[in-house]
Amino acid sequence: MDTLIEYSTGTTLSLVKEGYITQDMLIRPIDQKASSVDVDGRPGVVRESVNHGSRVIILSVMYIASDELDFALRRDKLFSIFSDLEPFYIYEGRPTNKTSTYEFELPGQTWGENSQLPTNIEILKGKLYKVIRTNMNEVEQNGLIGKVDIEFETFQLPYAESAGTTLDARTFDRDVWQTGQGLVAADPTTLKYVFQNETSFQVYNAGDVPLKTNLRDMLFEIEFRGASNNLSIRNITNSTQWQYNSSSGPNDVIKLETPNRFTKNGSSIFRNTNKKVLILNPGWNSIQITGASQFLISFKFKFYYK
């Protein structure tokens with residue numbers, strides 16, 4: 001196995017290419033946080049709310065050194081790789097066939113004479129996790145083999161997110177999409193996110209997490225270009241509706257961005273809206289536009305997965 005790291009600067013690092021083997025990537029389910037109160041005279045507790053907490057991911061990493069000095073150098077380099085104070089993304093890498101696991105050197109062989117690193121590894125670039133390191137054990141040494149467990153916690157949102165957005169080309173020959181992202185459930189001829197002069201259409205959310213305009217750290221943007229009077233964007237599927245209680249001209253641009261940032265040509269129009277949350281359910285959402293006839297509207301978001 002392999003792990004690909006993408007730092008906040010945009011640079012990437014493959015553990016395999018650095019000489020390290022990911023023995024396992026343990027992805028735990030999302031914690032659930034329940035808020036409750038005790039009521040005198042009533043058995044049990046009253047549940048007020050249940051929300052998603054964070055998610056823990058544990059990497060089990062090993063390496064094979066050529067000598068004692070090399071062991072220490074590789075140990076220190078591993079510490080350096082995972083000591084960035086900024087959150088970063090990690091991608092999971094899986095073998096493409098059963099023969100792509102690592103092998104140890106045979107008697108008399110030295111490092112480099114026999115391929116000891118996994119080959120034919122496919123990085124699953126469609127889904128990624130934004131994490132920060134929370135714990136790292138000391139490196140366990142057994143001869144010239146080093147092993148260590150590294151623990152991460154999701155940063156901000158606990159969900160896996162798609163590398164691509166709805167405005168990226170949705171073809172599997174690109175590095176931003178993969179199977180298992182929910183896209184195969186949609187008819188590609190009807191799967192679009194830019195609409196011109198259509199007052200009734202459908203928007204598909206391939207993730208299994210609802211998108212909300214009030215949720216911080218979630219990429220969910222709606223851009224409206226054109227003339228309008230009391231513009232309304234309504235999701236008939238879940239009865240959520242956003243409305244702008246004023247007008248816009250043919251060249252004006254209205255944007256809805258999380259969390260609750262509503263602008264016209266860059267200036268806030270929050271007080272002139274109904275201040276409501278627009279939600280996109282997982283799957284198909286039936287959208288209705290009123291108050292406009294000549295316009296262009298686009299929905300840009302990532303897909304999120306529990």
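# Close-up views of a predicted model

**View 1. I27 faces I57 across a strand pair.** I27 stands opposite I57 in β6. The model is predicted. The strands that meet here are β3 (residues 21–27) and β6, which pair in the antiparallel sense over six bridges. Strand β6 also pairs with β11; nine bridges join these two antiparallel strands.

**View 2. Strand β6 is covered on both faces.** Side chains in a regular strand alternate between the two faces of the sheet. One side of β6 carries V56, I58, S60, M62 and I64, and these residues are all buried.

**View 3. F88 pairs with two aromatic rings.** The structure holds 16 aromatic pairs. In one of them, the ring centres of Y7 and F88 lie 5.9 Å apart. Their planes stand at 55°, so this pair is tilted. Y7 belongs to the loop between β1 (2–6) and β2 (12–14), while F88 belongs to strand β7 (residues 88–95). The two residues are 81 residues apart, and their pair links distant parts of the chain. Both Y7 and F88 are buried. F88 also pairs with F152, with ring centres 6.0 Å apart. Here the planes stand at 90°, so the pair is edge-to-face. This pair, too, links distant parts of the chain: F88 in β7 and F152 in strand β11 (residues 145–154) are 64 residues apart. F88 has 1% relative accessibility and counts as buried. F152, at 0%, counts as buried as well.

**View 4. F82 sits in the largest nonpolar core.** This core has 65 residues. F82, W242, I297 and F299 touch the most other members. Beyond its neighbours within four places in sequence, F82 is in contact with I5, L15, L59, F88, R133, M136, I150 and F152. Two of these contacts, F88 and F152, form the edge-to-face pair of the previous view.

View 5. W177, Y193, F220, F301 and F303 form one aromatic cluster. In another grouping, a charge meets a ring: the charged end of K127 sits over the ring of Y305, 4.3 Å from its centre.

**View 6. Six strands form an open sheet.** The strand order is β13-β26-β16-β21-β22-β23, with antiparallel pairing. At the edges stand β13 (194–196) and β23 (267–268). Each has a single partner strand, so one side of each is left without a neighbour in the sheet. Within the sheet, β21 (residues 253–257) and β22 (residues 261–264) pair in the antiparallel sense over four bridges. L256 stands opposite F262 in β22.

**View 7. T273 makes side-chain polar contacts with the backbone.** T273 is found in the loop between β23 and β24 (279–280). At 4% relative accessibility, T273 counts as buried. A polar atom of its side chain lies 2.8 Å from the backbone oxygen of F270. A polar atom of the T273 side chain also lies 3.1 Å from the backbone nitrogen of K275. Not counting residues up to four places away in sequence, T273 touches W242, Q243, Y244, N245 and F262. Of these, F262 is the residue opposite L256 in the previous view.

Technical notes
Residues are numbered from 1 along each chain as its sequence is written. This is a predicted model: local features need pLDDT of at least 70, side-chain atom pairs count only at pLDDT 80 or more; totals for chains, interfaces and linings use all residues. Side-chain values use heavy atoms; hydrogens and water are left out. Rings of Phe, Tyr and Trp (its six-membered ring) pair if their centres lie within 6.5 Å; planes under 30 degrees apart count as stacked, over 60 as edge-to-face and the rest as tilted. Buried means under 20% relative accessible area, exposed over 50%, partly exposed in between (1.4 Å probe, protein chains only). A charge sits over a ring if NZ of Lys or CZ of Arg is within 6 Å of the ring centre and within 35 degrees of the ring normal. A nonpolar core is a set of buried Ala, Val, Leu, Ile, Met, Phe, Trp, Tyr and Cys residues joined through side-chain atoms within 4.5 Å. Contact means heavy atoms within 4.5 Å. Two strands pair if DSSP finds at least two bridges between them. A polar contact is a pair of N or O atoms within 3.5 Å; within protein, one must be able to donate a hydrogen and the other to accept it, and residues adjacent in sequence count only if both atoms are side-chain atoms.
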